[in-house]
Amino acid sequence: MNRLIRESSPYLQQHAENPVDWYPWCDEAIERARAERRPILLSIGYSACHWCHVMAHESFEDESTAAVMNQHFVNIKVDREERPDLDRIYQLAHQLLTHQSGGWPLTVFLDPPTLLPFFTGTYFPRSPRYGLPGFADLLMRISNTYAAKRTEVQEQGERLADVFANLESAEHESEADDAGLLAEARKQLEASYDAAEGGFGSAPKFPMPTAIERLLRHWAHVHADLDQRPDREALNMVMTTLTKMARGGIYDHLGGGFCRYATDRRWAVPHFEKMLYDNGALLALYADALGLGPDTLFSDAVRDTANWMIREMQHPEGGYYAAQDADSEGEEGKFYVWRREAAKRVLTEDEYLLIETLYGLDKPANFEGKWNLHRRDSWQSVVERLYLDQDTAAGRLASAKAKLFRARAERTPPGKDDKVLAAWNGLAIHGMAKAGTRLREPAWIDSASAAADFVRTRMVRQQRLFATWKDGSANHPAYLDDYANMLHGILSLLSARWRDDDMAFAVYLGDTMLDHFQDPVTGGFFFTAHDHERLIHRPKPTTDDALPPGNGIAARALTGLGHLTGEVRYLEAAERTLAWARGFIAGHPASHCTLLTALEETLHPPELVLVRGSSAALSEWLGFARAGYRPSRVVYGIPDDATRLPSYLPEGGTGGDNSPVAYLCSGLECSTPITDLEEFKGKLG
């Protein structure tokens, strides 16, 4: 009996017709395994995961393999996006047992009495290949080993439990000062930087937005310090990486949006899945980079990605969907790649010549005999090579891309994971709010506001946030990432456009995080709430991963909320988090870029710019305050009819002639009211 048919997760629904006797993670499955003394086969994946689909087709849909699974194991299928707590724990267990990085699908065999793993892996083929055993053969070997060597399995579990316990109980001391940790992270990032192609490391190559943001902020603080030499190389690493990604095949040049990662060093061929969290983070990052000056490549990428999120990733009622698959019609990338003849059929000769030159169709095919569009050269060099003027070239490109986009839309689209995740929506709200502010696109801020309203009204029940929403139902009490990322996103949204409901929601998120996730003994925050299901480990995440760690975002968001509200308890919680995490940061600073940015924000308190007045009058003042890239400056435009105000602001607040009034605040101290625009400009510097 396959029980997944009752689940709301699109990923679990994909396996609901398997001949495997699947359970979701539940007490019934665990109790059955304990009663029958059978090991648990735990399989963790997600709907947009290509290799998850491959393993499903090869093994889970195969009657003979399913028969082995059903006879010898109790089988549990988990969507890692719904249960990141389980995924985080068992990915860590996989790394501890195998000394290898994890991934999806994650295949874990558990001892039912303790739920501790005794064997782990990722993808296994149906028949032996890639140096891996066939899955059915592996299942029989594991079943026999479990039956014959129960004592060894138990002893290994006890050793693993001790390792888990020591991960959080060990003392971590660091003698490095704050500036030393920040400098060491910059040094380590440069050591892994690919000077030729941008990014970090070789293939596969991930965007790593937290690392890029760290370098950009490092450059900005050094640049602002007149006593230090400008760190041009840090800025070069940022701009080269952003340029290579925006030109590369990891970016969808027709529809907008960035894919999860590139399979090659040069960013040409991606793994084609598009994740909401990547695109939210990259929107914010490119918006920051545009603060350094106009760049058509960057602004086009921001515009197209924001429009893709609204067009394809937003529920009609506001929330953003989780992901788009890599596959369509069972083939990875089929929706996105082109044959030359197909492109020629829909374009004029002049349009095709431009597309061919710009996107490499005149070069050898780069994906299974077809072309995934990516720019090998700069726009300017292509225009000059074709002897075109800028206006003609731009018009020709726009018309060609529109035709290709329409032709592509007739293909079978990739599958979509249409559940709404609170944590990922927080990242998307943050990115859309920052992008809308930078490029002055109110529709993007409207979109972010609709997502915030969706989460606030549909995903909070009985004063608790829930992690997922699907088909009218909110499920799974929220994790640290949900609260922290939503708070961070709401603060960015407040900066883009003040709303009293958002201010109230921010305070609720901060208070609930303190009440239900904070470690009162050592500081920092647990990934799960105090009343969450008890698992084999309760992590307190610190390292940057596919998503920024909850403790890093919590420290950043609580620092921002503390300065905005004037509530010291938020600032103290952030400081305790950083004090607890300091030793982890010192172990490898470049792996803790989010926490280092939080550290920097406590080391250099933000310059808070608060402007009150009518919405129409605020625009000019806010435009001056938001100009450029100043990561330490946070700007809020508060309408004169707002009622949820920072406690230190006076009531009323506008000038005598109803003109705006501004306050410049730092370290919980504010200037006298400023009612003259020229004086305001002068004090901003």
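Helices and loops in a predicted model

In this predicted model, helix α19 has 17 of its 17 residues buried, so the helix is largely enclosed by the rest of the structure.

Reader: How many Å apart are the end C-alpha atoms of helix α19, and what span should its residues give?
Author: Helix α19 covers residues 480–496, which is 17 residues at 1.5 Å a residue. The span that should follow from this is 24 Å, and the distance between the end C-alpha atoms agrees with it, being 24 Å.

Reader: Which residues of helix α18 are buried?
Author: Helix α18 runs through residues 442–458 and reaches 24 Å from its first C-alpha to its last, close to the 24 Å expected for its 17 residues. A residue is counted as buried when its relative accessible area is under 20%. In α18 the residues that are buried are Trp444, Ile445, Ser447, Ala448, Ser449, Ala451, Ala452, Phe454 and Val455.

Reader: Are helices α9 and α11 roughly parallel or roughly antiparallel?
Author: The axes of α9, residues 209–224, and α11, residues 276–290, come within 10 Å and cross at roughly 20°. Since angles under 35 degrees count as roughly parallel, the relation of α9 to α11 is roughly parallel.

Reader: How many nonpolar, polar and charged residues does the contact of α9 with α11 have?
Author: The crossing in which α9 passes α11 is left-handed. On the α9 side the contact is made by Pro209, Ile212, Glu213 and Leu216, and on the α11 side by Ala281, Leu282, Leu285, Asp288 and Ala289. Sorted by class, the contact of α9 with α11 has two charged residues, no polar ones and seven nonpolar ones.

Reader: Is histidine 592 buried or exposed, and which residues is it in contact with, leaving aside its neighbours within four places in sequence?
Author: Histidine 592 lies in the loop between α22, residues 568–587, and α23, residues 593–603. Its relative accessibility is 5%, and because the cut-off for buried is under 20%, histidine 592 counts as buried. Leaving aside neighbours within four places in sequence, the residues in contact with histidine 592 are Thr542, Thr543, Asp544, Phe584 and Ile585.

Reader: How many Å apart in space are proline 204 and tryptophan 267?
Author: Proline 204 is placed in the loop between α8, residues 178–192, and α9, and at 46% relative accessibility it counts as partly exposed. Not counting residues up to four places away in sequence, proline 204 touches Tyr261, Ala262 and Thr263. Proline 204 and tryptophan 267 are 63 residues apart in sequence, while in space their C-alpha to C-alpha distance is 8.9 Å.

Key
Residues numbered from 1 in each chain as written. Predicted model: local features only at pLDDT ≥ 70, side-chain atom pairs only at ≥ 80, totals over all residues. Heavy atoms only, no water. Helix = DSSP H or I, 4+ residues; strand = E, 2+ residues; numbered from the N terminus. Expected span 1.5 Å × (residues − 1). Buried < 20%, exposed > 50% of the residue type's maximum accessible area, 1.4 Å probe, protein only. Contact = heavy atoms within 4.5 Å. Axes fitted to C-alpha atoms, helices over the stretch in contact; angles between N-to-C directions. Parallel < 35°, antiparallel > 145°, perpendicular 65-115°, else oblique. Left-handed = near helix turned anticlockwise from the far one by under 90°. Nonpolar A, V, L, I, M, F, W, Y, C, P; charged D, E, K, R; others polar.
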